[in-house]
Amino acid sequence: MKTDVVVIGGGVAGSASAFFLALQGLRVVVLDKTRFPRDKVCTSTVNPYAMTYLLKMGVMTELLKDGLLPITGMQGYSYEGSAYRGYYEPHYPFVNYGHTVPRYRLDSAFSNRVKQLSQVTLLEDWAVEEILYHGSRAVGVRGQHGGRPAEIKADFVIDAAGRGSIVARQKGLFEPMTDHVRYAVVCQFEGVEPPDPLFTIGTDDTIGPGYFCVFPVTDSIAIVGFIVDSALYERVKSDPSGWVDAYVRRESWVGREWLSPARRTTEVVTFGPLAFTTKTIAHNGILMVGDTTGFFDPLTGEGIGMAIRSGELAAETVAKLLNGGADWEREHARYEQTFLTEKAESLEQSRQMHRMLKRPAAYNRFVEALSRNQEAANWAARSFANMLPPGERVSGRLFELVTSKQ
Ligand SMILES: Cc1cc2nc3c(=O)[nH]c(=O)nc-3n(C[C@H](O)[C@H](O)[C@H](O)COP(=O)(O)OP(=O)(O)OC[C@H]3O[C@@H](n4cnc5c(N)ncnc54)[C@H](O)[C@@H]3O)c2cc1C
C-alpha cells in the first residue's frame, strides 16, 4: 500500500494531523494499535482554545448529544481554602467556554470525524514496529495489522504515537525530567453537586506541592484527579481507590460537599512519571506531533489544544514539502522552532505555577490577590486557557494586575 502521508497514532494529535492534511488535498493513512473507543488517563478538560478547534473541525457535532456542561471559567483554591474565580470573557477568535470530555468519547469523536473524509483511511489494530528508510529519509512503516505482518509506503511520516512513540524509542529521543517528577491519580464520580460550572483546581497540606482537580462533565458527573509528587505517590500507589475515597471525605477538604452525595463510578487509575522532553521533533522526513513533542504537567490544561495545533502546523509543513521546491531541512527546522516557541509559553506558565505551589505562603498570597481582583482572575483564566496572543502569557501582565489596586 502507498499513500502520501502515514500518521502513526489516531489520538487527538494524529486525527488532527489527518484532518489538516486532508484539507491540504493529501491522501493520509492513520494507523492505531488499539481500537476506538479507547480510554486514556486524562483529566479531560477541553479549554476554549481547544474547543474553538473542535467546533471548526466538526468534532463537536457528535458530542452535542452527551449533555456536556459548558464550563465558563476556572476557580483556584489556596492551601488555606480561599479561592478566586476567573471567567473566560469573550476574546476573539476563541469561544468563551470549554467542556470536560472523557477521553474515550473525545478520541472516538475525533477518529469518527476523520473517517468521514474521503482522503483519510483509519486502520485500527495496526501496531507500527519499525520505520522504513530510503537513505536517511523515512519512506513508510512496518508492523502488525490484526496480528499479521504489514507494510505501508508513504512520502512522509507523522509520529503521533504519544509516549508510545517507536521513533523516540529507537532514536533515544525521550528524556525524563528529573526536576519535576509527578504522578496522576484519576477517576470519575457520579451524583456530584459542583458549586458552579467551572474547572476547579486546588491544593492543601496533604497534597501540596501537588494539586487536586474537579472537572464537571455533565451536571452530575465529574472527573476527579490528583497530581502528586513521588513522596505522596509512594503512599497512594498500593491502594489508590482507598486513598481517593478517604481523601474526598476529609472534613477539611474544600470539595467535600460537592462529592458527599456522589459515588465513584470508575476504578482509580494512576499514571507517571508524567514529565519528559524530546530531543528533536523534526528529522529525516518525520514530524512529531502531540505528546511525542514532550510533556510537562497537566496543570494549565493544554495538552489537547497543543496536540491539535501541532497537527495543524505539521500538515502545513508537509504540504509545502510534498508540493515541491521547499528545502527539507529548513522546513523541518521551521516546524520545530514555530511549534516549540508556542509550546514554551504554556510550559513556562506551568513552571511558574509549580514554583509557587512549592511555597505555600506565596501561593496563598497569589490566590488571595486574584480573589480580590476580578480583572486579574479573568486574565489568569484566559491565560491558562491559552486565549491570549503570543507573548502575553509570560509577559508579567498577571503580576502587574495582581499587584495593582482593584
Ligand atoms: C494525567 C493527565 C491529565 C491530563 N489532563 C489534560 C487536560 O485536562 N486537558 C488537556 O488538554 N490535556 C490534558 N493532558 C494531556 C493530554 O492528555 C495529551 O497532551 C494528549 O492526549 C496528547 O494526545 P496525543 O494524540 O499526542 O497522544 P495520545 O492520546 O497518547 O495518542 C497516541 C495514540 O497513538 C497510538 N499508538 C501508540 N503507539 C503506537 C504504535 N506503535 N502503532 C500505532 N499506534 C500507536 C495509541 O494507541 C494512541 O491512540 C493530560 C495528560 C495527563 C497525563
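How many nonpolar, polar and charged residues does the shell around the ligand have? In this predicted model, the shell around the ligand is made up, by class, of 19 nonpolar, 14 polar and 5 charged residues. Of the 38 residues around the ligand, those that come nearest are Gly9, Gly11, Gly162, Gly290 and Gly303. Several elements of secondary structure take part in this shell, and at least two residues each are supplied by α1 (12-23), β8 (126-134), β12 (182-190) and α9. Helix α9 provides the largest share, with 4 residues of the shell.

The protein is divided into domain 1, which covers residues 2-69 + 100-177 + 275-345, and domain 2, which covers residues 182-271. The centres of domain 1 and domain 2, taken over C-alpha atoms, are separated by 30 Å. Contact between the domains involves 13 residues of domain 1 and 17 residues of domain 2. On the side of domain 1 that touches domain 2, the residues divide into 7 nonpolar, 5 polar and 1 charged. Because domain 1 and domain 2 both give residues to the shell around the ligand, the shell lies between them.

Helix α9, which supplies the largest share of the ligand shell, runs over residues 303-322 and has 20 residues. From its first C-alpha to its last, α9 reaches 28 Å, which is close to the 28 Å expected at 1.5 Å a residue. Of the 20 residues of α9, 15 are buried, and the helix is therefore largely enclosed by the rest of the structure. Just after α9, the backbone at Gly324 takes a positive phi of about 90°.

A hairpin is formed by strands β4 and β5. Strand β4 (residues 73-77) and strand β5 (residues 83-87) pair in the antiparallel sense over 5 bridges, and Gly76 has Tyr84 in β5 as its bridge partner. Between the two strands of this hairpin there are 5 residues, and Gly81 takes a positive phi near 95° in the hairpin.

The peptide bond from Phe36 to Pro37 is cis, with omega near 0°, and Pro37 is found in the loop between β2 (28-31) and β3 (45-46). The peptide bond from Tyr92 to Pro93 is also cis, with omega near 10°, and Pro93 lies in the loop between β5 and β6 (99-100).

Positive phi values also occur at Ser44 and at Asn386. Ser44, although it is not a glycine, has a positive phi of about 70°, and its place is in the loop between β2 and β3, the loop in which Pro37 is found. With 25 C-beta neighbours inside 10 Å, Ser44 counts as buried, because a residue is placed in that class if 20 or more other C-beta atoms lie within 10 Å of its own. Asn386, which is not a glycine either, has a positive phi of about 60° and is located in the loop between α12 (374-384) and α13 (397-403). Asn386 is likewise buried, with 23 other C-beta atoms within 10 Å.

How values were computed. Residues numbered from 1 in each chain as written. Predicted model: local features only at pLDDT ≥ 70, side-chain atom pairs only at ≥ 80, totals over all residues. Expected span 1.5 Å × (residues − 1). Buried ≥ 20, exposed ≤ 12 C-beta atoms within 10 Å, placed from the backbone. Domains from an automatic or database assignment. Contact = placed C-beta atoms within 7 Å. Nonpolar A, V, L, I, M, F, W, Y, C, P; charged D, E, K, R; others polar. Near = placed C-beta within 6 Å. Pairing = 2+ DSSP bridges.
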